[in-house]
Amino acid sequence: MAAHGIATQHKQGLSNGMLGFILFLASEVMFFGGLFAAYFIARADATEWPPENMLTAEQIARGVKLEVEFALPFIATILLVLSSVTIQFGVLAIRRGDRTALIRWLMVTIVLGLVFLTAQMYDYSQLHFRAGDTVYGTTFYTLTGFHGAHVAGGVIFMGVMLARSMAGQFSAASHEAVEACSFYWHFVDVVWIALFTVLYIVK
Amino acid sequence: MTSIVIPRPEGYARPRSALLDWLTTVDHKKLGILYLYSTMFFFGVGGILALLVRTQLAVADNSFVGNDAYNQIFTMHASAMLFLFIIPVWAGFGNYVVPLQIGAADMAFPRINALSFWLVPPAGILMFSGFLVDGGAAQAGWTAYSPLARGLGPGMDLWIIAVILLGVSSTIGAANFMVTMFRLRAPGMTMFRMPIFCWTMLVTSVLQLLATPVLASALAMLYIDRNFGGAFFDPNGGGNAILWQNIFWFYSHPAVYIMILPGMGIISEVLPVFSRKPLFGYKAFVFATMGIGGLGFSVWAHHMFTTGAVLKPWFGFMTFMIGVPTGVKMFNWLGTMWRGSISFEAPMLFALGFLSMFLIGGINGTFSAAVPVDFALHDTYFVVAHIHYVLFGGSVFAVFAGLYYWFPKIWGRRLNEKLGQAQFWLMFIGFNLAFFPMHLLGLDGMPRRIATYSNESGWEALNMASTVGAFLIATSMIPFIVAVIAAFMRPKDQPNDPWNANTLEWWTTSPPPVHNFDDLPEVHSERPLFDARQSGAGH
Ligand code: HEM
Ligand SMILES: [Cu+2]
C-alpha cells in the first residue's frame, strides 16, 4: 500500500478498502432495486394477486397453483436474522483480539447460512409453480434466486474468512476483511427481510 | 514555493518481458493506454459498420446488405459505439489522467482496476461473436425493446451477457474512481481545488455506480424471459412490455451523461489552457455538473412520451430543467474564452467543435422535450440527428481534443499540428454533412431504423449527402492515423508542460515515471502549475 498511500490525506475513519466496499454494496442495492421495481409494477398491473386469472388451461391442467408455503420460509427468516447476530458476535470478538471466538462464531454463521439455503431449496421443490408460470412465478424465483445466490456468495466469503482466521490471520488491530464480510452479510439479511415482507406478508 | 518530496517506493522495477508486463500490469497509466487502444479499436469497428449503414441508405430501394443484415449492422454499430467505445474510452482517459491530476501514485485499487479493463475486450468479442451464430448478431437496436428482444436468436443472449460484463466493469471502475478521488488527493488539494476533468469523472462515476446495476437487473430479467420462460415483459403472463423501457431508460438517460460529462471535463481543461485564462465560474461548473447528475435520474421517461404510459408534463418539465445546468456550462465556456488570448492548436479546435456541435445537440434535444413536438419527431431521423450532435459532435470531438491534448504527456511526443488541423476540418465538415440532413429527413417523417425507403419519398438527395458526409468522416481518420504513426517514429522529446497548462499531470515528466511524481508542488488553488509559474518555481 505504501506506493499508493503517498498522497493520502484522510488517515482516520473508514479505510479506502471499506469505503470501496460500501460503494459496491450501494450498487448491489440498486441492482435489487431494479428487481423489486419489476415486482411492484407487476403487482400494480395485476387485477388479482396471485394472478390466478392469468393461468392458461394448460397450466391449470398441469396442476399449477400460485401459492407459497409460509411456515418454512418463516423459520428460515428467523435463522437468517439470527445469523446476522452471530456474525456480529464474531466481529466484536476479533475487535477484542479473540480469534478463537471469531472462528467459533464464523462456523455458527456459516452453518446458519447453509441451513437457510437448504431450506430454500427444499421450499422450491415443494412449490406448485415454476418460473414460467405467469409473472408471479417469474418474479418469485428471480428475486429469491438472486438473493439465494448472494447468500451462497456470503457463505463462501465467510468460508474464506474462516480459513484465514484458522491460519492465524486477523487481530484486534487488523481485521478489515471480517468487518467487510459482516457488512455484506447484514446486507443480504436486510434484502431478505424486505423480500420476505413483500413476497409472503403484504397482501 | 516549497515542494513535497516523495520517497520512491522500493522494488517496483522488476524486469519482465514487455508482453507479460502489459498483460499483467496494474499501473493506471498502462491500463489507461490499454483502454485507449481497445476503445479506439472498437471505434474503428463501429465506424466500419456505420459506413455499411450509410452505404445501404445512400440510394432508394437499395438491397446492398438486405433487411436482416441491416438490423444486425445498425444494432451492433450503436452497441459498439456506446458500450465498447464512448463509455470505456472515458475510463481510459480517467485512468491515465485522474491519478496524475490529483497527484496520486495510482488508483486506489490497482488490481480491481486491471479487472475493470480486462472485462472489456472479452465482452467485445462476445458481443461480436453474435455474427457467427445462428440467426446472427443482436438486431433489436441498442435499446433492445420487448417484445422484439424476447424473440430473437442466440446473438441476443450474447449481447445481453456482453453488456452485463461491461456493466460490471464500469460499476467497479466507478467505485475505484470515487475512492481514488475521495482519498488520494495531494496535500492541499481540497475537493474544490480538484481539476474539472476529475469532477466530471467523479459525477460520472456516481451515475455509473447507481445506474448501471439497474440496467444489469433489466438485462437479467430479459435473459430470464428469453431462456427460462419468464414473463417479466410478456403481457400474456401478467408481465409488462413497458417495464423494460422504464428500467432501460432509468439507466440510459443517466447513461447519456455518463457518455458526455467527461467530455465536458476535457473541454473544460482545454479551453482555459488555450485561452490563457482560468475557467470562468469553476464552482458554478461543479454545481452544474452535480445538478445534471441529479436531474439525470428524473427525466428518463422523455424517451417514452409516445407510449402514453408516463406522466408527460412532469417528464417534459424536468427535461427542460436539465437544460438549465447545461446552459450554465455554456456560459462557463464562453466566459472562459471571452477576452482570452486564444490560440487555435488542434486540441482547441476540437474543443470549439464540441462547443458548437453540442449547442445544436442540446437545442434539438430540448425541442424533443416538448411533448407535442416529440410526438411528431419520435422515432424519426430527427432523434438520430440529435444523438449524433451530442454523442459525435460532443463526445467524439472531446475524445480527439483529449487525445491531441494529452498525447504529449502519455507518449512523450506531439501529434503533427498540420495533420491535426486537416483532421479537424475534414471531420467537422463531414460530420455536419452527414448529420445535419437527418434533421430535415426527420421533419419530413423518415423513420429511423429502416433498411431502405422508396424513391417516391423524396429522401434520396439528403440521404446521399449524408452518406458522402459519412465517408468524409472516415477520410478524416487518415491524417489522424498518419499523425500517430509519424509521432511514434520520432523520439520522445516533449517537456513536462508543453502547453503551459494548469494541472498537476503537467508537473511530472512526459511520460511520467512508474511512480508518477518525484515531488509535488504545494496545492493552493485549482491551478497549481499556474501558481508555480507565477512564483517562479517549477522544473
Ligand atoms: C440539453 C440536453 C438534452 C435534452 C433536452 C435531450 C432530450 C432528448 C429527448 C427528449 C429524447 C427523446 C427523443 C425521442 O426519442 O423522441 C432524446 C433522445 C436521445 N438522447 Fe438526448 N437530450 C439531451 C442531451 C443528450 C446527451 C448529452 C446525450 C448523449 C451524450 C443524449 C443522447 C440521446 C440518445 C442516445 C437518444 C436516443 C435514444 C434512442 O431512442 O435510441 N442526449 N434526448
Ligand atoms: Cu434522455
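Author: Buried means under 20% relative accessible area. Keep that cut-off in mind. This is a predicted model.

Reader: Is B:His302 buried or exposed?

Author: B:His302 has 13% relative accessibility, so B:His302 counts as buried.

Reader: Which protein atoms are the donors of the copper ion (ligand 2)?

Author: Three histidines supply them. They are B:His253 through ND1, B:His302 through NE2 and B:His303 through NE2. These donors lie 1.8 to 2.0 Å from the copper ion.

Reader: What spacing do the donors follow along the chain?

Author: Read the pattern as H-x48-H-H.

Reader: Where do B:His253 and B:His302 lie?

Author: B:His253 sits in helix α7 of chain B, residues 241-275. B:His302 is in the loop between α8 (282-295) and α9 (312-337) of chain B. The pair therefore ties together parts that are 49 residues apart in sequence.

Reader: Is B:His253 buried or exposed?

Author: Apply the cut-off again. B:His253 is at 4% relative accessibility, so B:His253 counts as buried.

Reader: What separation lies between the copper ion (ligand 2) and the iron atom of ligand 1?

Author: The two are 4.6 Å apart.

Reader: Which parts does the pair of B:Asp379 and B:Arg448 tie together?

Author: Two loops of chain B. B:Asp379 lies between α11 (371-377) and α12 (381-411). B:Arg448 lies between α13 (417-443) and α14 (460-475). So the pair links parts that are 69 residues apart in sequence.

Reader: What is the N to O distance between B:Glu417 and B:Arg414?

Author: Their side chains meet in a salt bridge at 3.5 Å, N to O. B:Glu417 is partly exposed at 23% relative accessibility. B:Arg414 is partly exposed at 27%.

Reader: And what is the N to O distance between B:Asp493 and B:Arg490?

Author: That salt bridge spans 2.8 Å, N to O. B:Asp493 has a relative accessible area of 38% and is partly exposed. B:Arg490, at 42%, counts as partly exposed.

Reader: Which residues do salt bridges that share partners join into one network?

Author: Look at chain A. Shared partners join A:Glu58, A:Arg62 and A:Asp133.

How values were computed
Residues are numbered from 1 along each chain as its sequence is written. Chains are lettered from A and ligands numbered from 1 in the order in which they are written. This is a predicted model: local features need pLDDT of at least 70, side-chain atom pairs count only at pLDDT 80 or more; totals for chains, interfaces and linings use all residues. Side-chain values use heavy atoms; hydrogens and water are left out. Donors are N, O and S atoms within 2.8 Å of the metal (3.2 Å for Na, K and Ca); water is not among the atoms, so sites may look incomplete. Helices (H or I, at least four residues) and strands (E, at least two) are DSSP runs, numbered from the N terminus. Buried means under 20% relative accessible area, exposed over 50%, partly exposed in between (1.4 Å probe, protein chains only). A salt bridge is a side-chain nitrogen of Lys or Arg within 4 Å of a carboxyl oxygen of Asp or Glu.
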